[in-house]
Amino acid sequence: MSVAELKERHLAATETLNNLKQRLNQTRRSLLDTDVAGYARSQGKNPVTFGPTDLVCCRTLQGHTGKVYSLDWTSEKNRIVSASQDGRLIVWNALTRQKIHAIKLPCSWVMTCAFSPTGQSIACGGLDNVCSIINLNSATDKDGNLPVTRMLSGHKGYISSCQYVPDEDTHLITGSGDQTCVLWDITTGLKTSVFGGEFQSGHTADVLSVSINGSNSRIFASGSCDATARLWDTRVASRAVRAFHGHERDVNSVKFFPDGNRFGTGSEDGTCRLFDIRTGHQLQVYSQKHSDNETHPVTSIAFSISGRLLFAGYTNGDCYVWDTLLAKVVLNLGSLQDSHESRITCLGLAADGSALCTGSWDTNLKIWAFGGHRRVI
């Protein structure tokens with residue numbers, strides 16, 4: 001069989017596959033006769049309500065001199081690490097606002113940071129294409145700075161996001177501008193698996209965010225500039241398990257729902273969405289214009305420990321608290337006293353759900369405490 005004949009057969013097979021995918025998607029859409037909010041309303045569910053003292057800014061963490069781009073909590077909830085364009089990581093005592101460490105980085109263009117599960121190490125990365133590991137128990141150098149203890153090199157683009165595998169200080173996953181995600185063995189500094197790249201089922205543009213399933217650490221999701229989110233299984237390297245469509249622009253943030261069966265996304269198109277990983281269906285869209293009647297991009301999202309609330313940060317400084325069940329905004333932190341003065345870039349919830357931390361281009365982090373019964377939402 002000639003090369004021309006093989007190419008012709010390949011084109012015909014590709015066309016048949018695309019037609020089948022289109023028919024499958026049409027069938028799926030025809031079966032989606034309602035969304036989460038529609039079903040909840042039909043069951044007479046009432047939205048969550050917030051009083052003036054249910055969520056308040058209790059602390060402002062000041063110390064960075066550049067835009068804050070990323071933050072993470074330790075599992076014991078009393079420490080926060082933040083990464084800023086001032087070229088430093090700061091480890092904070094979340095209860096006292098005290099700076100525990102101020103770590104000068106070899107590359108100031110840091111974009112992401114994450115605590116290890118034990119809280120003894122920090123991973124960070126950015127425009128140097130390297131994920132750096134810093135052991136907080138290491139001896140400081142002559143300048144009083146904590147050294148980088150391991151450099152994970154191999155990405156061909158910037159490091160946009162990183163997350164340790166739950167309950168392991170030895171493995172983490174990174175997302176990169178080279179369109180791939182990588183599972184790393186920190187002990188050896190080597191890649192364990194690469195997800196995406198030249199394979200058709202991978203992302204076709206920069207990966208912006210990753211989230212590991214808390215119920216099954218072999219599963220993780222990624223969001224990309226190709227306007228899709230994808231689901232991966234670390235036991236099946238390279239090829240995505242499923243692709244999730246719906247967004248019209250970059251998917252800036254992905255986060256798994258607490259039960260592990262769903263995940264949320266936040267996008268440059270100004271919407272958040274909820275997807276089911278078992279069926280591939282989009283369950284809900286969270287979209288509402290802001291006080292200036294404009295639609296602003298979503299930069300970061302997080303769920304409350306029960307999943308009833310979705311927190312979404314926006315480029316105009318708003319931070320919406322969504323009722324995930326009824327798709328209603330129940331509070332805007334941007335309208336409260338002591339709110340941020342600029343773009344919200346990152347946010348995260350304490351492990352016990354008692355507080356939310358937000359980071360901003362205004363160089364500050366703010367801790368928002370839940371009052372009374374709100375601690376269990």
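Q: How many aromatic pairs does the count come to here?
A: A pair of aromatic rings is described by the distance of the centres and the angle of the planes. The count comes to twelve aromatic pairs in this structure (rings of Phe, Tyr and Trp, its six-membered ring, with centres within 6.5 Å; planes under 30 degrees apart are stacked, over 60 edge-to-face, the rest tilted). This is a predicted model, where local features need pLDDT of at least 70 and side-chain atom pairs pLDDT 80 or more, while totals for chains, interfaces and linings use all residues. Residues are numbered from 1 along each chain, and side-chain values use heavy atoms, without hydrogens and water.

Q: Why is the pair of Phe-195 and Phe-220 edge-to-face?
A: Their planes stand at 80°, with centres 5.0 Å apart, so the pair is edge-to-face. It links strand E13 (residues 190-196) with strand E15 (residues 219-224), the two Phe residues being 25 apart in the chain (strands are DSSP runs of at least two residues, numbered from the N terminus).

Q: Is Phe-195 buried or exposed?
A: Phe-195 is buried, at 0% relative accessibility, and Phe-220 is buried too, at 1% (buried is under 20%, exposed over 50%, partly exposed in between, with a 1.4 Å probe and protein chains only).

Q: What lies over the face of Trp-361?
A: Lys-67 does, 3.8 Å from the ring centre, and so does Arg-343, at 4.2 Å (NZ of Lys or CZ of Arg within 6 Å of the centre and within 35 degrees of the ring normal).

Q: Which strands form the open sheet of four?
A: The order is E22-E23-E24-E25, paired antiparallel (at least two DSSP bridges per pair). E22 (298-303) and E25 (328-332) are at the edges with a single partner each, so one side of each has no neighbour in the sheet.
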